[in-house]
Amino acid sequence: MLANTEHDPFSTLDSRRSVPARQLDAPGPDHATLVRMLASASRVPDHGKRVPFRFLRIAGEARHALGERLAARALVRDPDAGPGALDKERQRFAHAPLVIAVIAVLDPADAKIPDVERLLTAGSVCFALLQAAQAAGFGACWLSGWSAYDAEILRVLGLGADERIAGFIHIGTPRMTAPERDRPDPEALLSDWHPDAA
Ligand SMILES: Cc1cc2nc3c(=O)[nH]c(=O)nc-3n(C[C@H](O)[C@H](O)[C@H](O)COP(=O)(O)O)c2cc1C
């Protein structure tokens with residue numbers, strides 16, 4: 001077992017943790033820093049080199065405009081939604097200064113690379129973007145929520161028929177050190193395959 005010293009090669013990887021969106025403040029990354037982070041996040045395994053993802057930036061006033069669209073849509077989905085619930089929708093994208101929607105670009109006609117593999121690549125981008133944000137000195141978290149699956153909101157965001165939200169990555173300056181949580185015990189998850197098992 002490697003010692004947990006300052007030379008521990010896992011220390012950077014192991015220090016990653018999510019910062020709740022409500023705890024993410026301005027400033028977020030400037031354009032050049034964001035592009036650098038996206039370059040790092042794009043270094044993902046990609047079967048067939050299809051680049052099955054793209055990025056949509058939701059920042060500034062656009063966050064509030066999207067919040068209004070969410071509130072309007074939430075009222076259609078639930079006409080009994082109260083002012084508190086609608087206000088929550090208005091704020092959903094407004095906590096962090098920057099939200100990057102990582103969009104999975106699927107292609108059911110692609111006979112060689114199944115959509116599930118494209119989705120896995122896009123998911124890897126989300127994770128790599130969390131790491132890149134933290135490496136650049138920011139906090140981040142990966143959220144979905146109902147709006148990631150609502151056809152009308154996907155239309156509002158400009159997604160095509162074969163596109164999905166892999167994740168909304170909220171990025172900003174952490175207001176607090178996020179508490180660590182219990183992590184799975186890898187040994188409890190590890191088993192050996194034996195040829196006589198089945
Ligand atoms: C695909 C995906 C969607 C998620 N959506 C939400 C969400 O909508 N709300 C939420 O509280 N956490 C969501 N999470 C969990 C957080 O991103 C995060 O993993 C969790 O808060 C634990 O923090 P950690 O990353 O430090 O382990 C989602 C995670 C994944 C992988």
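A residue counts as buried here if 20 or more other C-beta atoms lie within 10 Å of its own. Keep in mind that this is a predicted model.

**View 1. Helix α5 and its buried residues.** With that cut-off, the buried residues of α5 are Arg118, Thr121, Ala122, Val125, Cys126, Leu129, Leu130, Ala132, Ala133 and Gln134. They pack against α2, β2 (53-59), β3, β4 and β5. The helix length checks out too: at 1.5 Å a residue, the 21 residues of α5 should span 30 Å, and that agrees with its end C-alpha atoms, which sit 30 Å apart. Just past α5, Gly137 has a positive phi of about 95 degrees.

**View 2. The largest nonpolar core.** This core has 36 residues, and Val102, Leu129, Ala166, Ile169 and Ile171 are the ones that touch the most other members. Two or more residues each come from α2 (31-41), α3 (61-77), β3 (98-105), α5 (115-135), β4 and β5 (163-174). The top contributor is β3, with 8 residues. Zoom in on Leu129: leaving out residues up to four places away in sequence, Leu129 touches Met37, Ala41, Ile100, Val102 and Ile169.

**View 3. Around the ligand.** Arg17, Ser18, Cys141, Trp142, Leu143, Ser144, Gly145, Gly167 and Arg181 surround the ligand. Strand β4 (residues 139-143) supplies the largest share of this shell, 3 residues. Sorted by class, the shell has 3 nonpolar, 4 polar and 2 charged residues.

**View 4. The annotated stretch.** An unreviewed UniProt entry lists residues 14-172 as "domain: Nitroreductase". Over residues 14-172 the chain is 41% helix and 20% strand, with the end C-alpha atoms 20 Å apart.

Definitions and conventions:
Residues numbered from 1 in each chain as written. Predicted model: local features only at pLDDT ≥ 70, side-chain atom pairs only at ≥ 80, totals over all residues. UniProt positions renumbered as here; feature names shortened; annotations may be inferred. Helix = DSSP H or I, 4+ residues; strand = E, 2+ residues; numbered from the N terminus. Near = placed C-beta within 6 Å. Nonpolar A, V, L, I, M, F, W, Y, C, P; charged D, E, K, R; others polar. Core = buried A, V, L, I, M, F, W, Y, C linked by C-beta atoms within 7 Å. Buried ≥ 20, exposed ≤ 12 C-beta atoms within 10 Å, placed from the backbone. Contact = placed C-beta atoms within 7 Å. Expected span 1.5 Å × (residues − 1).
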